[in-house]
Amino acid sequence: LLEFTRGLYDHVVVDLGGILDPLGMTAINASDETNLVCSTDMTSLFLMRRMIPVLEEMGRRRNQLNVLVNRRERKRELSSEELEKIFRASIHRTFPDDPIAVEKAQREGEPLAETSDLGKTIRSYVQGILGATAPTPSSSRLGALKQLWGGT
């Protein structure tokens with residue numbers, strides 16, 4: 001399935017849920033980049049610190065590993081420099097904790113508002129990955145899926 005989707009799309013995202021099972025290891029080995037997502041709670045920091053060396057032992061290079069810090073609180077109990085010391089790796093991107101926007105999106109059954117702090121950060125991150133090919137907000141969000149399944 002992964003090889004099939006890589007043949008169809010420029011970018012394929014696989015969420016492994018943090019578990020390194022044989023299927024996850026296969027996906028990581030086939031990837032060009034690996035995004036490692038954590039938050040600033042102690043358990044997440046500990047697991048991230050352990051994950052990076054494991055992936056390096058598997059043959060992943062530092063430039064293939066992107067550390068993404070999710071739900072970063074505005075008060076920033078740990079600075080980016082402190083987080084980088086903990087991980088022994090650079091922080092690729094941080095995403096703000098925006099519980100009001102997330103709750104609103106969940107309650108209304110709608111995508112996250114692009115005008116929210118988190119929405120702006122996600123859009124900026126995606127545009128950085130896609131560059132000039134980034135879709136505009138008015139483009140169909142399901143267009144590619146509909147094409148894949150034969151819909152219009």
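Residues are numbered from 1 along each chain as its sequence is written. In this predicted model, local features need pLDDT of at least 70, side-chain atom pairs count only at pLDDT 80 or more, totals for chains, interfaces and linings use all residues, and side-chain values use heavy atoms, with hydrogens and water left out.

**Exercise 1.** Determine the order of the strands in the open sheet, and state which strands stand at the edges.

*Solution.* Helices (H or I, at least four residues) and strands (E, at least two) are DSSP runs, numbered from the N terminus. Two strands pair if DSSP finds at least two bridges between them.

- Step 1. The 3 strands follow the order β1-β2-β3, with parallel pairing.
- Step 2. β1 and β3 (91-96) each have a single partner strand, so one side of each has no neighbour in the sheet and both stand at the edges.
- Step 3. From one strand to the next, the twist averages 25 degrees.
- Step 4. Between β2 and β3 there are 4 bridges in the parallel sense, and Val-69 is opposite Thr-94 in β3.

**Exercise 2.** Describe how helix α3 and helix α4 pack, and identify the residues that make the contact.

*Solution.* Two packed helices are described by the angle between their axes and the distance between the axes. Axes are lines fitted to C-alpha atoms, for helices over the stretch in contact, and angles run from 0 to 180 degrees between N-to-C directions.

- Step 1. For α3 (residues 42-57) and α4 (residues 80-87), the angle is about 50 degrees and the axes are 8 Å apart.
- Step 2. The two helices are therefore oblique to each other (angles under 35 degrees count as roughly parallel, over 145 as roughly antiparallel, 65 to 115 as roughly perpendicular and the rest as oblique).
- Step 3. Contact (heavy atoms within 4.5 Å) is made by Leu-45, Met-48, Arg-49 and Ile-52 of α3 and by Leu-83, Lys-85, Ile-86 and Phe-87 of α4.

**Exercise 3.** Decide whether Arg-72 is buried or exposed, and list its contacts.

*Solution.* Buried means under 20% relative accessible area, exposed over 50%, partly exposed in between (1.4 Å probe, protein chains only).

- Step 1. Arg-72 belongs to strand β2.
- Step 2. Its relative accessibility is 5%, so Arg-72 counts as buried.
- Step 3. Apart from neighbours within four places in sequence, Arg-72 contacts Thr-40, Leu-78, Ser-79, Ser-80, Leu-83, Thr-94, Phe-95, Pro-96 and Asp-97.
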